[in-house]
Amino acid sequence: MSTEAGKGQEAMKVSDYQTAIKHLTAALKTSQSPLWLIQRATCYQRTGQHDLSLIDADNALLASIGRGKRDLIATSHFRRAVALHGLGRFGDARLCLTWCNKRNDKEKGLTIWMAKVKADFEKAGGDDAECNKITVKEVPDKPEEVTSDSAPKEEKKAPVPSKAPAVTVAPAAQTPTPKEKIRTEWYQSTNTVTIEVFAKGVPKENAEVKIEEGNLDVSFPIASSDSTYDYTLSPLFAKIDAAKSTFRITPHKIEIVLHKSLPGLKWSSLEGSEPITSSKTEEPAAKIPEAVLKADKAPSYPTSSKNGPKNWDTVLQDEKEEEGEEVDDFFKKLYKDADPDTKRAMMKSYQESNGTSLSTVWSDVGSKTFETTPPDGMEAKKWNS
């Protein structure tokens, strides 16, 4: 393997796509490997350079056909589809995904992208929409080769006469993307999830990106109108490390990099179904029945002991003297450290039995109804709240 290609692939693993492009470009000077072209096409797409991504994907397809690599032919069609989608050519993207599916219906990401492109195709107006017209070929014409790391070549300018006054040209104002044309894309690595909000002219001073362990909120005003763009993910698919997560605003997009709390966990979507509790917020302890914490005298329970019924108040008092803990602290600790099923078992058994039974095994308690069983010679009474 080319050393440059290896460096490029390592850079891709950490989502450093500009560095990956640089090394893959150097590698491609020695060989037009379809795999390296596919990898650079991916990097171009993930940096928003969809036109260059399409060129690499077309060249990868031609190289794969020449070498008879069926799996790489499928992947090349997939990369063409993603690039075409980025260029707003939904009809062409849809057809490329069909060609990919014919050769490898298990191509990674295929199902998700087929659904995404279909939705955008229909949203744009179906077969009658201009952006959905079919112009792509299954075997493309030989496109130009990308020979640099995407930096535009500067045209040679004629020297300015020394007596000519200097002319200052103001940069063209960035036209903000209309709200209805703002779109998002995401991808992931072993350690991160990257979300891109493609919107030109986002005002940095008024944009707000809030990253929490289980939520993401993006908001910024649309300069060309009185509206505001809002993008919210709550809850996220899984917990993230908010302290390590970052974002940056460029002239063309907002890029958000979320660091996974569980590296290696594959996200099947951006949003999950279960709320994520922040580790910084301690969950309040469930309320323990007052009868447990403040009873003047705990009930005596029947026992087969020769010494007669056991008074748990005395037992706890003994434990208090041995361990140095208050009775209340004992119950609080017992309840607090228990798992959810144990807590449910304690609550159910204690309440249903009016304080005469206390079980910690939910498998025994769940389907059972507890009767009040006072000690011999005592009458059952309900506890007053």
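## Ground rules

Residues are numbered from 1 along each chain as its sequence is written, and side-chain values use heavy atoms, with hydrogens and water left out. Because the model is predicted, local features need pLDDT of at least 70 and side-chain atom pairs count only at pLDDT 80 or more, while totals for chains, interfaces and linings use all residues.

## The whole protein

The protein has twelve helices and nine strands; these are DSSP runs, numbered from the N terminus (helices: H or I, at least four residues; strands: E, at least two). Of its 385 residues, 38% are buried, where buried means under 20% relative accessible area, exposed over 50%, and partly exposed in between (1.4 Å probe, protein chains only).

The accessible surface comes to about 23,600 Å², and 51% of that belongs to carbon and sulfur atoms. Areas come from the Shrake-Rupley method with a 1.4 Å probe; for residues, only the protein chains shown count as cover. As for contacts (heavy atoms within 4.5 Å), take those with a separation of 6 or more: 56% of them link residues 24 or more positions apart.

## Lys253

Lys253 sits in strand β7, residues 253–260. It counts as buried because its relative accessibility is 6%. Its side chain makes a polar contact with the side chain of Glu196 at 2.7 Å. A polar contact here is a pair of N or O atoms within 3.5 Å; within protein, one must be able to donate a hydrogen and the other to accept it, and residues adjacent in sequence count only if both atoms are side-chain atoms.

Leaving aside neighbours within four places in sequence, Lys253 also touches a run of other residues, including Arg46, Thr47, Gly48, Val197 and Phe198.

## Asp58

Over in helix α4 (residues 50–67) you'll find Asp58. At 11% relative accessibility, Asp58 counts as buried too. The side chains of Asp58 and Arg80 are joined by a polar contact of 2.7 Å. Not counting residues up to four places away in sequence, Asp58 is in contact with Arg80, Pro140 and Pro143.

## A three-stranded sheet

Strands β3, β4 and β5 form an open sheet in that order, with antiparallel pairing. Each edge strand, β3 (208–211) and β5 (228–233), has a single partner, so one side of each is left without a neighbour in the sheet. The twist averages 5° from one strand to the next, with axes fitted as lines to C-alpha atoms and angles running from 0 to 180 degrees between N-to-C directions.

β3 pairs with β4 (residues 216–221) over four bridges; two strands count as paired if DSSP finds at least two bridges between them. Glu208 stands opposite Ser219 in β4.
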